[in-house]
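Good morning, colleagues. I would ask you to look at the structure now on the screen, and I shall then speak about its charged side-chain pairs.

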Amino acid sequence: MIPTVARITGTGRGLPSRIFTNDDFASIGIETSDEWIMERTGIHERRIGSETETTCWMAAAAARGAMAKAGVTAGEIDTIILSTATPDRLLPATAVDLQAELGATRAAAFDVSAACSGWLYAITIAEGMIASGAIDTALVVGAEKMSAIIDWTDRSTCVLFGDGAGAVIVQRNKAGEKAGILSTFMRSDGCLANLLYRPDGGAAHPMTKEIVENRTHLVKMAGREVFKHAVREMSEAADRALDSAKLRSADIDLLIPHQANTRIIEATAKHASIPMSKVYVNVDRFGNTSSASIPIALDEVIEKKIVGPGSTVMMVAFGAGFTWASAIIRL
Ligand code: UT7
């Protein structure tokens, strides 16, 4: 058995209260249907944050849940790593707003920007910091207010995304502990950046009236191309996670894929030879919440007792960048 240095000791999620169903798009003048969205994506509804349900607000709700389950107080957190593509402000990082909100007075805090793969990148960083001896306890959050950056007039993207946050506490293992992070894998390809991106509004092209009028500060996506890469790279990420953990598909009790689209999820599971009965899907209720999707799902499966102590869980993600990543954990 591979020795591990760190394990997840608590999970939590934070979701806005408003449910926006596929039928609700008619009320904002979007020509679509529940049938089209369900058939192409498996999404039935998603949560949409109010003005006060910010990225930090959702992150704090998720963090408090994870801290309570881990029995960790704010003062015991050494580092907060917050993955987001939708920071509340461009400066400073949303992680420091979260640090202040929680009163985590001993914690370093920083954001990770790796889109939908970001939370897997973040737990990899947390594990590395624990392995180096720098820290003992990390709060790792994926929090996204996708509703703030999507183009609500573009039916090919606005139906796909939702808001939410998930969080975990990652802690140093005690000697002989069986639970832990068994393997991680991260990769990227920036040559493909323009297939899924926000063209303007950053430092290269700061916001202007024209940008706002042309809506080029909002998410643009070449859906079909992204789909092909998502299937290919999530499959690679699954293979790599299994190889480095020295495990076979049959050793995996549950696969939690990034929740973007049921067709991508099914293709990834098929490639990894994992039956759909061992794959968790909640994209129907939350849509694509980018880097929040895996930690939200992880909290749900533990709460529902689909997995528990001793279970082996594989997580795989793909997103803008492109970035892709995976991890296998034993609970
Ligand atoms: O987090 C990772 C990032 N994102 C993803 O993983 C998304 C990856 N891509 C996808 O999931 C799929 O490409 C989509 C679900 C986005 C689109 O499905 P598709 O089968 O690739 O459809 P399409 O974009 O090729 O569009 C097919 C048709 C078009 O009409 P025509 O040109 O064939 O007449 C679209 O105009 O569907 C139309 N369409 C819609 N119709 C009803 C596009 N969006 C909608 C809509 N409702 N919301």
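**Salt bridges in the predicted model**

Let me begin with R13, which forms a salt bridge with D299, the closest N and O atoms lying 2.8 Å apart. By salt bridge I mean a side-chain nitrogen of Lys or Arg within 4 Å of a carboxyl oxygen of Asp or Glu. The two residues belong to distant parts of the chain: R13 is in strand 1 (residues 6–14) and D299 in helix 10 (residues 293–303), 286 residues apart. Helices (H or I, at least four residues) and strands (E, at least two) are DSSP runs, numbered from the N terminus.

A word on the basis of these values. This is a predicted model, in which local features need pLDDT of at least 70 and side-chain atom pairs count only at pLDDT 80 or more, while totals for chains, interfaces and linings use all residues. Residues are numbered from 1 along each chain as its sequence is written, and side-chain values use heavy atoms, with hydrogens and water left out.

Are the two partners buried or exposed? D299 is buried, at 2% relative accessibility, whereas R13 is partly exposed, with a relative accessible area of 26%. Here buried means under 20% relative accessible area, exposed over 50%, and partly exposed in between, with a 1.4 Å probe and protein chains only. R13 and D299 also take part in a network of salt bridges together with K69 and E303.

I turn to the next pair. D151 and R215 meet through their side chains in a salt bridge, at 2.9 Å from N to O. This pair, too, links distant parts of the chain, 64 residues apart: D151 is in the loop between strand 6 (137–145) and helix 5 (155–158), and R215 in the loop between helix 6 (209–214) and strand 10 (220–221). D151 is buried, at 4% relative accessibility, while R215 is partly exposed, at 30%.

Next come E236 and R187, whose salt bridge has its closest N and O atoms 3.9 Å apart. Because E236 lies in helix 7 (residues 223–245) and R187 in strand 8 (residues 180–188), the pair ties together parts 49 residues apart in sequence. E236 is partly exposed at 22% relative accessibility, and R187 is partly exposed at 35%.

How many salt bridges does this rule give? The count comes to 16.

Finally, a residue from a loop. A250 is located between helix 7 and strand 11 (254–257) and is exposed, at 56% relative accessibility. Its C-alpha atom is separated by 7.4 Å from that of I274, 24 residues away along the chain.
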